[in-house]
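Hello,

Here is the structure I said I would pass on. My notes on it follow below.

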Amino acid sequence: MKFLHLIWSNLRRKKLRTSLTLLSIIVAFVLFGLLSAIQQALVGGVALAGADRLIVREKVSIINLLPVSYEARMDRIPGVDFSTHQTWFGGVYQDPKNFFMQNPVEPEKFLKMHPEIILPPDEEKAWLATRTGAIVGRRTAERFHWKIGDKVPIQSTIWTQPDGSQTWTFDIVGIYDGKDKGTDTTPMFFRYDYFDEARQQWGKGKVGWYTIRIKDPSQAAEVAKRVDAEFENSPAETKTEPEGAFIQGWASQLGNIVFIVAAILSAVFFTILLVTGNTMAQAVRERTGELGVLKAIGFSNGQVVALVLAESCLLTVIGGAVGLGLARAITPVVAQNLAGLLPMFFLPTRDLFIGLGLSIALGFVTGIFPALQAMRLRVADALRRM
Amino acid sequence: MSEIKTNSGPLVQVERVEKVFHRGSEDIHVLTDLNLQVPAGEFLALMGPSGSGKTTLLNLIGGLDRPTNGAVAVAGERLEQLPDRALAAWRARHVGFVFQLYNLMPVLTAERNVELPLLLTHLSRAERQKHVETALAMVGLSHRAKHYPRTLSGGEQQRVGIARGIVTDPTLLLCDEPTGDLDRKAGDEILNLLQSLNREHGKTIIMVTHDPHASVRAARTLHLDKGQLSNGEVK
């Protein structure tokens, strides 16, 4: 710590150059934060996916429906604990920009299948007792200022009622929370029995996809094969995969998100590497004589290396911390505007620590060559360059 | 092999030292078979024309460079035998340097410049500050402690340089043309200060200069020419 003043003073030597370099680093880490949030929004669910859950969808496309009768057959397949289904409703609230997910489900089985959804017992009871009842996640409830007892009209883009109306009215009977921060609390769930009765003839008795709870997660591949074999050569063949793979596949429709994010970040950090490296190289070159003085008064080669490395790391860590802090502050604002499209848009704490680690690594890599250059200086030669 | 005996005799003992620099294929013999003894408490001036090897000799005595042949011992420590790390630690403990161009850190105030050598010690912040204040008081610059070098005159900067050189109470103070960049008045003040450090505080000082006006302040002057010392003149 006693060297901090010296390190800090050296950074302040060329204020404009240091500020511009710092700004570049800050921008890079803001970008890192935002891209991490996008990645989290698109594939973050993979990490949270239940290892004991499989998703069964129609083999050709998820937009093709599956018979509701499959549920009973699935429950009989060895290794399956129980199954339940969901269907894409595709509705908006008041305005097309107010898009969020709403799915009809079987309430009891749905809640049993998804323990990450936390619903108070009295609200669960109300849901079971109310045919038009719906539960909604905390984020959406707060977004639209909904409360229990409200009647909310949802305009479906797919499903029509017998009178030709596409407006479905639901009674909000419960507001659920997520077990952890990664749980998406934007969707609304309502009862399948109400939905199936109230929709027009098309699609009746059909569901979007099934979720299966398996008894032994290590048997997932075998159970998936058994499920698909069960419905082979039927009018609606199935494709069964772990929930994580299903989410990953969903995100992959936009391309390989992880690769795209990694490619952008690599380009950004490579540029920052050059910018910061150049700053540090210039800083050391300009101070050759002063480094000679430090060595003359007794600083060892190792101490000189440590001083230069500490200087570059301090620069990148300050830039990284400010950039990540800004990203953390920006993401909730962006998330509000993307609630429908990217409901899980947030910067995870894990990525903050990765970012900080990256900033230290950046400081080390950009500082090591100038530091070695400083170490190799011969004192007598360096003093002549004052 | 050198026959220097350690832990006895003069403070500085240079024996049969040779220093050769290599420039491309050319060997430049800067010091040749040079011998020198400096007793503790002496104020020695080394004079000579440019390129005579004065600074090279000072660098060897200060452990900033190593002889090609021969031996250099200070207070019984054979410098050419010390590894780099130990030599750096030895410099921190035993030598104070005063440079012609002051060589202060422009980003640090006078007191923080003086504190630099103390950062290598185990002293606490308060203890370091006390030492810094004492050193600045000795050179008469207590009132300029918070000033940056750019706001100080040349003479004041050199006094800060001297304060930095003596703040660790080193065995030896090595001055390379300490008045070379100063006007006569400021130079005299610096020489007065060095004389006072030698006479009143018993500091052993070796000063390189080409200025006869400066050399007369020393107790002994040696002339260096073409890498060899001529007979010293004892006053």
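**What was found**

In this predicted model, helix 11 of chain A is followed by A:G298, a residue with a positive phi, near 120°. Helix 11 spans residues 288–296 of chain A, and seven of its nine residues are buried, so the rest of the structure largely encloses it. Those buried residues are A:E290, A:L291, A:G292, A:V293, A:L294, A:K295 and A:A296. Their cover comes from both chains: it includes helix 12 (301–337), helix 13 (349–376) and helix 14 (379–383) of chain A, as well as helix 2 (84–94) and strand 6 (95–98) of chain B.

On the interface, 21 residues of chain A are in contact with 21 residues of chain B. On the chain A side, helix 1 (4–11), helix 11 and helix 14 each supply at least two residues. Helix 11 of chain A gives the largest share of that side, five residues. By class, the chain A side has nine nonpolar, seven polar and five charged residues.

Chain B also has an open sheet of four strands, in the order 2-1-4-5, with antiparallel pairing. Strand 2 (26–38) and strand 5 (77–78) of chain B are at the edges with a single partner strand each, so one side of each has no neighbour in the sheet. Strand 1 (residues 12–23) and strand 4 (residues 69–74) of chain B pair over five bridges, and B:V14 has B:V72 in strand 4 as its bridge partner. Helix 1 (residues 54–61) of chain B packs on this sheet, where it touches strand 1, strand 2 and strand 4 of chain B. The direction of that helix makes about 120° with that of strand 1 of chain B.

Regards

How values were computed
Residues numbered from 1 in each chain as written. Chains lettered and ligands numbered in written order. Predicted model: local features only at pLDDT ≥ 70, side-chain atom pairs only at ≥ 80, totals over all residues. Buried ≥ 20, exposed ≤ 12 C-beta atoms within 10 Å, placed from the backbone. Contact = placed C-beta atoms within 7 Å. Pairing = 2+ DSSP bridges. Axes fitted to C-alpha atoms, helices over the stretch in contact; angles between N-to-C directions. Nonpolar A, V, L, I, M, F, W, Y, C, P; charged D, E, K, R; others polar.
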